[in-house]
Amino acid sequence: MEQNARLYQDLEKVLVTKEEISLKVKELGQKITADYAGKEPVLICILKGAVVFFSDLMREIDLPVTADFMAISSYGSATKTSGVVRVLKDLDHDILGKDVILVEDIVDTGITLSYLRSMLLHRGAASIRIAALLDKAARRTVKDLQVDYVCFDIPDAFVVGYGLDFDQRYRNLPDIGVLAPRIYEK
Ligand code: IMP
């Protein structure tokens with residue numbers, strides 16, 4: 001059996017197809033192109049989950065963008081309760097005076113983006129906007145987080161594919177699917 005077919009068996013259902021993703025990412029690219037006309041925004045990819053979305057999105061933006069990458073610690077009970085996020089890989093370039101677009105896979109509690117946003121504002125970014133592939137608004141604990149661009153609002157379920165993982169797997173699925181509870185309850 002093909003590898004991907006095996007991975008699809010672990011899904012309860014496909015939530016967003018690759019065709020739907022592609023249309024929305026194109027639309028978002030056009031919106032960002034219009035909103036940032038005359039500017040040179042810095043696109044920041046939050047590794048690793050956003051990497052697939054990031055690489056598709058940047059090719060739909062018709063502006064002289066630059067790219068940088070940041071890796072942060074993923075879910076840990078400490079980060080969940082304290083709201084502090086550990087930076088594992090920092091940006092390579094200074095963002096002083098730059099128009100920054102943070103590109104994230106999914107906004108869940110909002111803790112990660114709220115932390116990164118204030119950190120980058122402290123570093124003197126001229127502006128910061130957030131572009132998220134998915135928004136699980138029902139799970140938000142940070143109430144004042146503004147997510148400027150969202151491709152899909154989704155219900156409270158654990159999703160994988162198109163960059164999103166469970167235990168580092170499923171990132172290469174072209175669609176986004178709800179992981180069957182039997183997989184993470186193992
Ligand atoms: P937040 O700080 O709670 O908003 O968490 C955001 C991060 O949690 C995302 O960047 C993902 O890495 C991870 N995450 C949250 N929900 C999911 C999910 O349904 N699937 C995969 N990763 C998720």
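Q: Leaving aside its neighbours within four places in sequence, what is Asp135 in contact with?
A: Asp135 is in contact with Val107, Arg140, Val150, Phe152, Asp153 and Ile154. Contact here means heavy atoms within 4.5 Å.

Q: Thanks! What should I know about the model itself?
A: This is a predicted model, where local features need pLDDT of at least 70 and side-chain atom pairs count only at pLDDT 80 or more, while totals for chains, interfaces and linings use all residues. Residues are numbered from 1 along each chain as its sequence is written, and side-chain values use heavy atoms, with hydrogens and water left out.

Q: Back to Asp135, then. Where is its place, and is it buried or exposed?
A: Asp135 sits in strand S6. Helices (H or I, at least four residues) and strands (E, at least two) are DSSP runs, numbered from the N terminus. Asp135 is buried, at a relative accessible area of 7%. Buried means under 20% relative accessible area, exposed over 50%, and partly exposed in between, with a 1.4 Å probe and protein chains only.

Q: What does the side chain of Asp135 reach?
A: It reaches the backbone nitrogen of Ala137 at 3.4 Å. A polar contact is a pair of N or O atoms within 3.5 Å; within protein, one must be able to donate a hydrogen and the other to accept it, and residues adjacent in sequence count only if both atoms are side-chain atoms.

Q: Let's switch to the ligand. How many residues surround it, and which are the closest?
A: There are 16 residues around the ligand, and the closest are Asp105, Thr109, Gly110, Thr112 and Val159. A residue is near a molecule if one of its heavy atoms lies within 4 Å of it.

Q: Which polar side-chain atom lies 3.1 Å from an oxygen atom of the ligand?
A: That one belongs to Glu104. In the side chain of Lys136, an N or O atom is 2.9 Å from a ligand oxygen. Ile111 uses its backbone instead, with an N or O atom 3.5 Å from an oxygen atom of the ligand.

Q: How much of the ligand's accessible area does the protein cover?
A: On its own the ligand has 490 Å² of accessible area, and the protein covers 88% of that. Those areas come from the Shrake-Rupley method with a 1.4 Å probe.

Q: Which elements give two or more residues to the shell around the ligand?
A: Those are S5 and helix H5 (111–122). S5 gives the most, with four residues.

Q: Since H5 came up, what about Leu113?
A: Leu113 is in helix H5 and counts as buried at 2% relative accessibility. Leaving aside neighbours within four places in sequence, Leu113 is in contact with Leu102, Glu104, Val107, Ile130 and Leu145.

Q: New topic: which residues have the most contacts inside the largest nonpolar core?
A: Phe53, Leu133 and Leu134 do, in a core of 30 residues. A nonpolar core is a set of buried Ala, Val, Leu, Ile, Met, Phe, Trp, Tyr and Cys residues joined through side-chain atoms within 4.5 Å. Among the elements giving two or more residues to this core are helix H2 (18–35), strand S2 (42–47) and helix H3 (51–58). H2 gives the most, with four residues.

Q: Which residues does the second, separate core include?
A: It has 23 residues, including Ile44, Leu91, Val107 and Ile130.

Q: Which residues other than glycine have a positive phi?
A: Tyr162 is one of them, with phi near 50°, and Gln168 has a positive phi of about 70°. Tyr162 is in the loop between strand S8 (159–160) and S9, and Gln168 also lies in the loop between S8 and S9. Tyr162 is buried, with a relative accessible area of 6%, whereas Gln168 is partly exposed at 47%.
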